[in-house]
Amino acid sequence: MGHAHWDENNGHKSFVLPGAHPHYNPDRPGQVQHIYLDLALNIPQQRYQGNCSIRLNPIVSGLDRLSLDAVNLQIASVQVGETPCAFDYDGERLQVHLPQPTQVGQVIQLAIAYGADHPQRGLYFIAPDQYYPDKPIQVWTQGEDEDSRFWFPCFDYPGQLATSELRVRVPSQLTAISNGELVRVETDGDDKIYHWLQQQVHPTYLMTLAVGDFAEICDQWHGKPITYYVEKGQEEKARLSFSKTPRMVEFFSYLYGYPYPYPKYAQVCVDDFIFGGMENTSTTLLTDRCLLDQRATLDNRTTESLVAHELAHQWFGDLVVIKHWSHAWIKEGMASYAEVLWTEQEYGLEAAAYYRLNEARHYFAEDSDRYRRPMVTHVYRAAIELYDRHLYEKGACVYHMIRAELGDPLFWQAIAAFVNHHAHQTVETVDLLRAIEQTTGRNLLFLFDQYVYRGGHPDFKVAYEWDGESNLAKITVTQTQAKSGKPEDLFDLKVAIAVGYLQPEAPPQFQTVRVRVHEPEQSFYIPLLTKPQFISFDYGNPLLKTVTLEYPLPELKNQLQFDPDPLSRIYAAEALAKKGGLEAVQALSTALRQEHFWGVRVEVAQQLAKIRLDQAFEGLVAGLQDGDARVRKSVVEALATFKTHDCYKVLKPIVEAGDASYYVEAAAVRALGGIVAANLGEKPKEERVLKLLKNGAHGTRWLE
């Protein structure tokens, strides 16, 4: 992907690298109606040959040639109908000289005989070798972004939608899976011929093939097959990793207001996959690293999120297709937000809020460390460069802001209208804006202008003071990202500020005001009857932002303990750690013991580690008994930062006896390894730790 260079204008690195230029979809000679691949694989030689047939309906008369994408293929012949025709091929573009110029309405049937030997990309042969003798024999494809051209000649951009068909000859012991439904399987000597048909239109990059000696696990949703294909021997892990798929299909069918649109849904785990997953129409390919055993499910739900993400693409990306790569946030943002939505459905609102916070943090890291860019941009070197944290995680957060702005009923009404109106069609960002406006009457261009069409986000610093004489709460909001004072660096947003009042044996009561934040620094004076116990800025935290709280200690302690929103409690924990001191340590230590939500306890442990006091270390030690593995892992990692304390003593039992969680045990081993590194030359301590690692619950496995 290269390294970003520094942009002196805004203090952020630029996404636009040397060699980047505007990209547009090519002119369309016609509408591709159908693509039919008939292939024979020679797996031992890692080559294949066959035919690619393309049915094209011209939309303009008089064209005498067609230009197709085809990279490093061996083109044997080309014909239109029954007529052989001349062609030019330079290794990247196939120029077909038509025997007759095109006429509108007269369909062209193009047939290309071709093959490939050790294909560079697009189609991958997996086989055992001297270094990995147990690797399975598999063949699989990967089309996104523009790699389909490496395995068959095509018009390789997302704006063309067509039905597709794939017939493939493979050794009889192997199974071949592709898009759509299985028409038939023929046996021919030692081979089998699988014939798949995808009857709903989809873009070229979503055509797929996966071949292997798979175990097949069958599920169903409303009579449609839901199938999991994994290497034999992995069936139990497949059930653990994928068993929620039918419920997810039901959930997203309901949310998006459109029943799952394809005849089946297959998930195929393949070896050496180059991504986490790929949402090929009706047939998602996944890395085999997503297969978890029972122990790993304790603290690793990434597979569940991956399954939700790729499944959501069957609507956003496959049913509703982006017209150009520059609008990929529409699909990737929603697929990433689907991870949040499934977390909300399965684990509750607090878990979903925390998941969304971590999505935002991934984006913040890229924005500050790599580059800042608009989510929609057509200036790049290769389209794959767009597939970053801005597209996925920021996109998810933008969808959440739209949802918060509209409210749930109108948001889901707009999403259903968008999906239904554009099903089996292509879309651009403006189509989403229009669907929202036509459905709800709301014009959200102000939000898109600030978060989608330009880069960045607001960095808020919020201070609070109480004026007891006038009974006024003074809230001062500074946009610290707008140091230059330039209008383009400022955000103009309506923000809810809630003041909280505590009541005995009852939830806090809130008084909420909405203010317009649009200047580098503003002070808001809120008249109140009595002094509030705490302040909740951006109540519910729908906005994509960073926030630093500068509140007095009592208000922060109350917020940490009583604010109903987990993100607000986390912001309070961060502010307390910055203040430091024994009172802050005590508040954080209490929260680590008493806070009900595991995500906040994880964050509290991290904040306690920032206060370099003996009492903070002691507060953390109590967290080793936490019932949630994710919290214990965070506590172990926090304890490991206290180089002046004897971590050996408190972490030794974990390494000796083990932990129910892989992650906790691994964190303890890493921490003790750090002690060795920090005390090289101190033989007694070094030897003591090494002996423990060798003789611990899993012996020398940790030292390999």
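K135 lies over the face of Y132, 4.7 Å from the ring centre; a charge sits over a ring if NZ of Lys or CZ of Arg is within 6 Å of the ring centre and within 35 degrees of the ring normal. Over the ring of W598 sits the charged end of R630, at 3.6 Å from the centre. The model is a predicted one, where local features need pLDDT of at least 70, side-chain atom pairs count only at pLDDT 80 or more, and totals for chains, interfaces and linings use all residues. Residues are numbered from 1 along each chain as its sequence is written, and side-chain values use heavy atoms, with hydrogens and water left out.

On to ring pairs: rings of Phe, Tyr and Trp (its six-membered ring) pair if their centres lie within 6.5 Å, with planes under 30 degrees apart counted as stacked, over 60 as edge-to-face and the rest as tilted. That rule gives 34 aromatic pairs. One of them, F252 with Y256, is stacked, at 5.5 Å centre to centre and 10 degrees between the planes. Y260 and Y262 have ring centres 5.8 Å apart and planes at 80 degrees, so this pair is edge-to-face. F252 is buried at 0% relative accessibility (buried means under 20% relative accessible area, exposed over 50%, partly exposed in between; 1.4 Å probe, protein chains only). Y260 is buried too, at 2%.

As for strands (E, at least two residues, DSSP runs numbered from the N terminus), two of them pair if DSSP finds at least two bridges between them. An open sheet of three strands runs β6-β10-β9 with antiparallel pairing. β6 (65–69) and β9 (87–89) each have a single partner strand, so one side of each is left without a neighbour in the sheet. β6 pairs with β10 (residues 93–97) over five bridges, and L68 stands opposite L94 in β10.

Definitions and conventions. Helices (H or I, at least four residues) and strands (E, at least two) are DSSP runs, numbered from the N terminus.
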